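Subject: Structure for your review

Dear colleague,

Please find the structure below, together with its sequence.

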Amino acid sequence: MHPIFNFLVTMAQGRKTGGRKKGTPNKPNPLKEHLRAQSTAYFEPNITIEDAELAEAFHASIGDKVSRFDLDMIMMKPAERAAIQERLLRYHTPQMQSVSAEVSLSDDLTTTIEERLAKLAAENDR
């Protein structure tokens, strides 16, 4: 049998014939790693509050730590802060989607629930 034919038969059966082995991690991407590190650092509390007025704004104490993100947020107007929070929510909260349903009623609408349940029970006993 020709080697090409063997290859095609193997592929048709869904067997893996090459490529990476299962569980092999993706190649590191230096740009992604750099951006991830920058983003993480932005949200990490690593700035010490040394000003009493700033501590009051954060409802914190002098010596507590805040992040660069916290500082940026405190300097924004309330409407801007709300818009930023809304955008951030999209990344960790599932977005609700509308669901539509078509319902048609073919039964007699004048029957009571008890009558419908009795009918269903009778059908179930058969």
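The notes below describe the overall fold, the aromatic pairs, the salt bridge and a charged surface patch.

Please bear in mind that this is a predicted model.

Overall architecture. The chain contains 6 helices and 2 strands. Read from the N terminus, these elements follow the order α-α-β-α-β-α-α-α. Of the 126 residues in the chain, 7% are buried.

Aromatic pairs. A search of the whole structure returned 3 aromatic pairs. One of them joins Tyr42 and Phe43 in an edge-to-face arrangement, with 5.1 Å from centre to centre and 80° between the planes. Tyr42 is partly exposed, at 28% relative accessibility, and Phe43 is also partly exposed, at 40%. Tyr42 forms an edge-to-face pair with Phe69 as well, at 5.9 Å centre to centre and with 75° between the planes. This second pair connects distant parts of the chain, since Tyr42 belongs to helix α2 (residues 30-43) and Phe69 to helix α4 (residues 68-75), 27 residues apart. Phe69 has a relative accessible area of 13% and therefore counts as buried, because the cut-off for that class is under 20%. Through these ring pairs, Tyr42, Phe43 and Phe69 are linked into a cluster.

Salt bridge. Side chains of opposite charge can pair when their charged atoms come close. The structure holds 1 salt bridge, in which the side chains of Arg90 and Glu86 meet at 3.8 Å, N to O. Both residues lie in helix α5 (residues 78-92); because they are 4 residues apart there, about one helical turn separates them. Arg90 is exposed, with 58% relative accessibility, whereas Glu86 is partly exposed, with a relative accessible area of 47%.

Charged patch. Where on the structure do Glu50, Asp51, Glu53 and Glu56 gather? These residues form a patch of negative charge on the surface. Glu53, one of its members, is located in helix α3 (residues 52-57). The relative accessible area of Glu53 is 63%, so this residue counts as exposed, the cut-off for that class being over 50%.

In summary, the points to look at in the structure are the cluster of Tyr42, Phe43 and Phe69, the salt bridge between Arg90 and Glu86, and the negative surface patch that includes Glu53.

With kind regards

Note on methods
Residues are numbered from 1 along each chain as its sequence is written. This is a predicted model: local features need pLDDT of at least 70, side-chain atom pairs count only at pLDDT 80 or more; totals for chains, interfaces and linings use all residues. Side-chain values use heavy atoms; hydrogens and water are left out. Patches are made of residues with over 30% relative accessible area and no salt bridge: like charges are joined within 9 Å, nonpolar side chains (Val, Leu, Ile, Met, Phe, Trp, Tyr) within 5 Å. Accessible areas come from the Shrake-Rupley method with a 1.4 Å probe; for residues, only the protein chains shown count as cover. A salt bridge is a side-chain nitrogen of Lys or Arg within 4 Å of a carboxyl oxygen of Asp or Glu. Lys and Arg count as positive and Asp and Glu as negative; His and the chain ends are not counted. The place of a charge is taken as NZ of Lys, CZ of Arg, CG of Asp or CD of Glu. Buried means under 20% relative accessible area, exposed over 50%, partly exposed in between (1.4 Å probe, protein chains only). Rings of Phe, Tyr and Trp (its six-membered ring) pair if their centres lie within 6.5 Å; planes under 30 degrees apart count as stacked, over 60 as edge-to-face and the rest as tilted.
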